[in-house]
Amino acid sequence: MELRDYLRILRKHWLVIVALTVLAAGAGLAYATFTTPVYTSLARVFVSTTGAGSTSELAQGNSYTMQRVQTYSELVKTAAVIQPTIDALGLTDSVGAVRGRVSATSPANTTIIDITAKGSDGRAAASLATEVARQLITVVEDWEQTGTMEASPVSLTVAQEAEVPGAPTSPQRTMNVAVGLVVGLSIGIGVALLISALDTKVRTERDLRRITTSPILGGIPYDPRARTRPLLVKEDSQGVLAEAYRSLRTNLQFLQAGGTAHSIVITSSVPGEGKSTTSANLAIAIAETQTRVLLVEADLRRPKVAELMGLEGGVGLTDIIIGRVSLDDAIHPWGTSGLHVLSAGGIPPNPSELLGSPTMAGIARELEERYDLVLYDAAPLLPVTDAAVLVQHVGTAVVLVGVGTAHTPEVRASLESIEQVGVPAAGVVMSMLPLRGADGYTYRRRGHGYAYSTPDTKDSWRRRRRAARAARKAERTRGRSSAGVRDDAGARNDAGVTGGAGLTGGAGTRERELAAGANPPSSGAQAQPDAPLTKRERRARAVGASRAE
């Protein structure tokens, strides 16, 4: 994978990464908050030799002392030192418990012993370190005596008594939170990469190109309105979805340019990828170019086209195949743009046999002679063999791949099933593309440096919201102005002023006229020149223009 692939994965799973990072940081903060604080205090003991008279004796004594320092450091944790310390401080802890809180080290090339003690209280830690140092001195002096009357050749002195620490050494809240952030971020990135590696669904154009070499004819974005308003090409002709179908229509014209794609089977790998909705909208989009188009509902198991187009599907393709009705009786015109629809009719018990029969082959040839383009909405490829059988008669197939719905093995298997009948897929179409996110709908023609992407729906929504807000404000202004107009008209009538309400309507009347898209009234004996528009009037005129559009 390239760097942009990793960036896309991180962007796609940013919520998981953030959640794990915050969770780990919170765990670090909780540990720092609820853990008992530990204070550390340090006492130092200086070790020297006595009785040296000459320089050579001093050098020998210093060497002897440095050797003994390591031994004395090990004595700190012995019961000979710990037990007297417990007795002196009146502790209730055992020797093992106190031993775990005490340590001794000696800096290199020195005769100093650093005794460190830990405790839940600063004063207790300082007292423990100092007392351990004193008991160590006592033990060493007793053990280093060479005779009953001779003093020890080694002298130990408390060089520094332990000080009460001002802050605990652990836990460190800032450090714990920082470590939690780093660990959580690392785990989040790892989980995101793992999810992406285990995800076999087709989500991007790159994923689809790894499966097949067939051309990608276009992409259909996902629109939640399609569930209640499936024919968006007709109902929202300027929307993103309508433009996507027109782009697909243009690409299909290149297939027709070769002279072999006058009939196309539109199918998918599994149910739920939007093949029926795509077939219906694509047929409407092609019919807009004054092309004679026939949409055939060839899914004889779960027909949806008749329902989408608002037609009665009692008589259709099944009845034509068995000879019950003729083509002219079963084909219905739809709209005024030259689109015709042939529904599925009754659901037969043997759809594959009917679609693969010689009668169906003859029907397909006759439909090609009658229409410029015939679109067949066929059943999915993997559950049944209906589409693969039908492709043998038609000769061209376009496979829909639902983004986030179809898995890579499923798409590969469906394309292989078409190739096995000797008719490779003429192209694939990506459906249900998300409009936002890391896998947002974008269709690029890199070869010519041209990029076509979706309109900025957020900006369009903001413009509509601003227009609606301006309309509401104009309504409130009109309500306030109505009372002023009535009072002003009454005052003028009392003063003997003549003229219609169109000349004395005030700012509110003028705003209503501007919002309605009408010109200012010109009635009256003496027409006054137009006054400069105020900011409120300019906004009202803009609202009126948007309503007119």
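1. Handedness of the H16 and H17 crossing. In this predicted model, helices H16 and H17 cross in a right-handed sense. The residues in contact are Met360, Ala361, Ala364 and Glu368 on the H16 side, with Leu390, His393 and Val394 on the H17 side. Sorted by class, this contact has 5 nonpolar, 1 polar and 1 charged residues.

2. Two packed helices are described by the angle between their axes and the distance between the axes. H16 covers residues 358–370 and H17 covers residues 386–394; their axes come within 9 Å and cross at roughly 50 degrees.

3. How do the axes of helix H2 and helix H7 cross, and within what distance do they come? H2 (residues 14–34) and H7 (residues 173–198) have axes that come within 7 Å and cross at roughly 155 degrees. Because angles over 145 degrees count as roughly antiparallel, H2 is roughly antiparallel to H7. The crossing of H2 and H7 is right-handed.

4. Residues between H2 and H7. From H2, the contact includes Val16, Ile17, Leu20, Ala24 and Gly28. By class, the contact has 15 nonpolar, 7 polar and 1 charged residues. When reading such a list, recall that an α-helix has 3.6 residues a turn, so residues three or four places apart point the same way.

5. Helix H6 and its cap. H6 runs over residues 122–143, which is 22 residues. From its first C-alpha to its last, H6 reaches 32 Å, close to the 32 Å expected at 1.5 Å a residue. Which residue caps the N-terminal end of H6? Aspartate 121 does, with a side-chain oxygen 3.0 Å from the backbone nitrogen of arginine 123.

6. A cis peptide bond. Is the bond from serine 170 to proline 171 cis or trans? The bond is cis, and its omega is near 0 degrees.

7. A positive phi. Glutamine 290 has phi near 60 degrees, a positive value in a residue other than glycine. Where is glutamine 290 placed? Glutamine 290 is in the loop that lies between helix H11 (275–287) and strand S7 (293–297).

Methods: Residues are numbered from 1 along each chain as its sequence is written. This is a predicted model: local features need pLDDT of at least 70, side-chain atom pairs count only at pLDDT 80 or more; totals for chains, interfaces and linings use all residues. Side-chain values use heavy atoms; hydrogens and water are left out. Axes are lines fitted to C-alpha atoms, for helices over the stretch in contact, and angles run from 0 to 180 degrees between N-to-C directions. Helices (H or I, at least four residues) and strands (E, at least two) are DSSP runs, numbered from the N terminus. A crossing is left-handed if the near helix is turned anticlockwise from the far one by less than a right angle, and right-handed if clockwise. Contact means heavy atoms within 4.5 Å. Ala, Val, Leu, Ile, Met, Phe, Trp, Tyr, Cys and Pro count as nonpolar, Asp, Glu, Lys and Arg as charged, and the others, Gly among them, as polar. The expected span of a helix is 1.5 Å times one less than its number of residues. A polar contact is a pair of N or O atoms within 3.5 Å; within protein, one must be able to donate a hydrogen and the other to accept it, and residues adjacent in sequence count only if both atoms are side-chain atoms. Angles under 35 degrees count as roughly parallel, over 145 as roughly antiparallel, 65 to 115 as roughly perpendicular and the rest as oblique.
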